[in-house]
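Here is a structure to go through term by term. The questions ask what each label rests on, and the answers set the value against the cut-off.

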Amino acid sequence: MATSKLPRKRIDVEEITSHLSTASPEDKAKLTLRYETLVRWAKERWQELNGNKPFVTLWASENCGNHLVRTRLKAGRKIKGQISYLGYETLDCPYVVPISDYRLPGRKPMLMETVGSFLFRFKVGERSLQAIYVSSYYSDDERSIIAIVLIPEHQLETWAAFEIHCNKAARYLERTQSVYIVGGTNTSFKPNVEWDEVILPDGIKNDLRADMEAFFKDGVPIYKQLNLAPFRKLLLVGPPGTGKTTLCAALAGLALKQRRVVVYVSGADEDGASFHKIHHALNVVASANHPVLLIVEEIDVYLRKDDKAQILNVLDGLESPNNPKGALLLATTNYPEVIDERIAKRPGRVDRIIYIPPIQDEDQARQMLKRYMGAQYQPEQDAVVADLIGQTGAFVREVALHARMLAAHNRQTLVTLDVLQKSVQSLSTQLSTGDDLRPRRRMGFAERNSRNLLGS
Ligand SMILES: Nc1ncnc2c1ncn2[C@@H]1O[C@H](COP(=O)(O)OP(=O)(O)OP(=O)(O)O)[C@@H](O)[C@H]1O
Ligand SMILES: [Mg+2]
């Protein structure tokens, strides 16, 4: 057995004493107490189960106590040569600090760090054996975990093989919750839009999808050959309501089908847009061990604040995450002029800028109308199609909802053209009045550069 594969060393009293000599008196009390209590408890269990059978006590990996790891490692699994893992049983230890599912409020955990006491069972050839494992938080408000294990003498190899498997399993991100959301709540972003439900010019959709696929499939090795961190950056730009978020959700859906990790940064919680969220997201991206799609909406907000230099460093590559499996940043903004010079005019900061336009032609307008009229669509309603050109998807959705609601309210089973036209009219009026109330903001980027953006 290679010594490098050995797990933590045997517990050495001198080592602990020397560790304690540098700890504060308070920490000393906590550490001694916690560790000693756990060992004492485990020894008593050992004697109950095995009588005087000799054992050794080791520092163990905290990953063996992790809830996700335990659900991932299936009983009956061969872990090395003649050694199989037979499963576990939960033991009841009154000294384990009961903090499980460590998570920050409103955030999804990357890994549920759990502690507890377990009896792990193994089979080595024809012999079965068990290990008593106990892990605990250092104290109620301290995240570091102490873990020990009692195993039969001469069974270091079994435990070492098991720890290696646990550590491997722990390296994978939590996959049951589909999107890892930083900031905001679990409902901030849902990847529940089908690709076909996004109504945009085919060129834009196809290019974007092809870009993502090409990057993850073929691009990553090319970045590596060039000694660059495989981090690609796309920016979706367009007026409010044209479908940027919808597109992100649909791309996230596609990414998840390919078993990629999706990380979404939301500025929608009480913390607002702050760099520490991006920083946290980048840590997740770097440690994911999976290809990652990183979505940052309204990136302009971060760039207007004091920490914009840090964001620029990320975009420049100085602080980019190095995830060897590849990371694709999909950012969105309404206000290209805010990031205009900083980003658009500096090649390399963003690899591609994709303009997401309002409805461009009758065909698109009709598709959008059909989508939001649903079963209540009738060909005669196409008479409003021409009025929808230049409007956004959000506009059509609202027009259709409003018309359907009015019809239902008037006990009409059909949405007549008249009702629909009125709905278009009233929303257009509302929006143009609204424009007068707002300070004018020039969507300069879109107009000035749209040709370049669409073409490149
Ligand atoms: N291109 C589109 N295809 C289908 N539905 C759309 C499209 N654009 C907008 N919608 C509808 O309008 C709603 C608002 O659109 P969405 O949130 O995607 O816009 P956005 O571009 O992200 O706007 P903002 O810039 O204000 O964040 C969506 O929930 C969707 O129902
Ligand atoms: Mg949006």
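Q: How do you know that the length of α13 fits its number of residues?
A: The 17 residues of α13, at 1.5 Å a residue, should span 24 Å, and the end C-alpha atoms are 24 Å apart, so the two agree. The expected span is 1.5 Å times one less than the number of residues. Helices here are DSSP runs of H or I with at least four residues, strands are runs of E with at least two, and both are numbered from the N terminus. The model is predicted: local features need pLDDT of at least 70 and side-chain atom pairs count only at pLDDT 80 or more, while totals for chains, interfaces and linings use all residues. Residues are numbered from 1 along each chain as its sequence is written, and chains are lettered from A and ligands numbered from 1 in the order in which they are written.

Q: What makes the buried residues of α13 lie on the same side?
A: The buried residues of α13 are Gly393, Phe395, Val396, Val399, Ala400, Ala403 and Arg404. They cover an arc of only 160° around the axis, which puts them on the same side of α13. The arc is that of the directions from the helix axis to the C-beta atoms. An α-helix has 3.6 residues a turn, so residues three or four places apart point the same way. On the face turned away from the buried side, α13 carries the exposed residues Ala408 and His409.

Q: Why is Arg411 called exposed?
A: Arg411 has 6 C-beta neighbours inside 10 Å and therefore counts as exposed. Arg411 lies in the loop between α13 and α14 (417–437). Its phi is near 55°, a positive value in a residue other than glycine.

Q: Why does His154 count as exposed, whereas Thr158 counts as buried?
A: His154 has 9 C-beta neighbours inside 10 Å, so it counts as exposed. Thr158 has 25, so it counts as buried. His154 is in the loop between β6 (142–152) and α4, and Thr158 is in helix α4 (residues 156–171). His154 also has a positive phi of about 65°, although it is not a glycine.

Q: Which residues is Thr158 in contact with, leaving aside neighbours within four places in sequence?
A: Thr158 is in contact with Ile83, Phe122, Val124 and Leu129. Contact means that the C-beta atoms of two residues, placed from the backbone, lie within 7 Å.

Q: How do you know that the span of helix α7 agrees with its length?
A: Its 13 residues (275–287) should span 18 Å at 1.5 Å a residue, and the end C-alpha atoms of α7 are 18 Å apart, so the values agree. Lys277, Ile278, Ala281, Leu282, Val284 and Val285 are the buried residues of α7. They cover an arc of only 160° around the axis, which puts them on the same side of α7. Among the elements that cover them are β9 (261–265), β10 (292–296) and α9 (308–316).

Q: What surrounds ligand 1?
A: The shell has 16 residues, and the closest are Pro240, Gly243, Thr245, Thr246 and Gly393. The elements that give two or more residues to this shell are α6 (244–257) and α13 (393–409). A residue is near the ligand if its C-beta atom, placed from the backbone, lies within 6 Å of it.

Methods
Buried ≥ 20, exposed ≤ 12 C-beta atoms within 10 Å, placed from the backbone.
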